[in-house]
Amino acid sequence: MCEYKLVVLGPGGMGKSALEQFIARRDLYMKSGQGFALVYSITAQSTFNDLQDLREQILQVKDTEDVPVILVGSKCDLEDERVVAKEQGQHLARQWGNCAFSGSSAKSKMNVNEIVCELVRQVSRKAPVEKKLQKKSCLLLWT
């Protein structure tokens, strides 16, 4: 069985865990993670503005520019409250080397499975061929 370590990161106050131990363990999550969903709220510009620093931290901890990432604009069910234009997200994804970009809503379950699948595809493309051939099923750890 193969195991993918997918990490969801983003600024505070977005519905992720707000526990202090999460912040203290952030570098550990970055180091052991294989794929990263960098999430911002489409209703809060400040959450979008913080993503560049977060990505830089990941690249520094991983010591490579080649890291599976998907940029996610969350709370798409609140379109009438949008302050971060979709084009801003698309532009940032292009700046990051054409990384994957998606809108999502946990409330309506919009694109949640698709985001996980995209990260798994990216991570598995990076996995050595011989490891791919040995594995028959997969377990996802969403930390």
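This is a predicted model: local features need pLDDT of at least 70, side-chain atom pairs count only at pLDDT 80 or more; totals for chains, interfaces and linings use all residues.
Okay, let's start with the helix. Helix α6 covers residues 112-126, so by the DSSP runs we're using, that's 15 residues. End to end, from the first C-alpha to the last, α6 reaches 22 Å, close to the 21 Å expected at 1.5 Å a residue. Quite a few α6 residues are buried, including Ile-115, Val-116, Leu-119, Val-120 and Val-123.

Now, the charged pairs. How many salt bridges does the count come to? Four, and I'll walk you through three of them.

One sits inside α6. Arg-121 pairs with Glu-118, with the closest N and O atoms 3.3 Å apart. The two are three residues apart in the helix, so about one helical turn separates them. As a reminder, an α-helix has 3.6 residues a turn, so residues three or four places apart point the same way. Glu-118 is buried at 18% relative accessibility, while Arg-121 is partly exposed at 43%.

Next up, Lys-126 and Asp-66, which meet at 3.1 Å, N to O. This pair links distant parts of the chain: Lys-126 is in α6, and Asp-66 is in the loop between α4 and β3, 60 residues apart. Lys-126 is partly exposed, at 44% relative accessibility.

Last one: Glu-56 and Arg-55, with 3.9 Å between the closest N and O atoms. Here Arg-55 is buried at 10%, and Glu-56 is partly exposed at 38%.

That's it from me, happy to look at the model together.

Terms used: Residues are numbered from 1 along each chain as its sequence is written. Side-chain values use heavy atoms; hydrogens and water are left out. Helices (H or I, at least four residues) and strands (E, at least two) are DSSP runs, numbered from the N terminus. The expected span of a helix is 1.5 Å times one less than its number of residues. Buried means under 20% relative accessible area, exposed over 50%, partly exposed in between (1.4 Å probe, protein chains only). A salt bridge is a side-chain nitrogen of Lys or Arg within 4 Å of a carboxyl oxygen of Asp or Glu.
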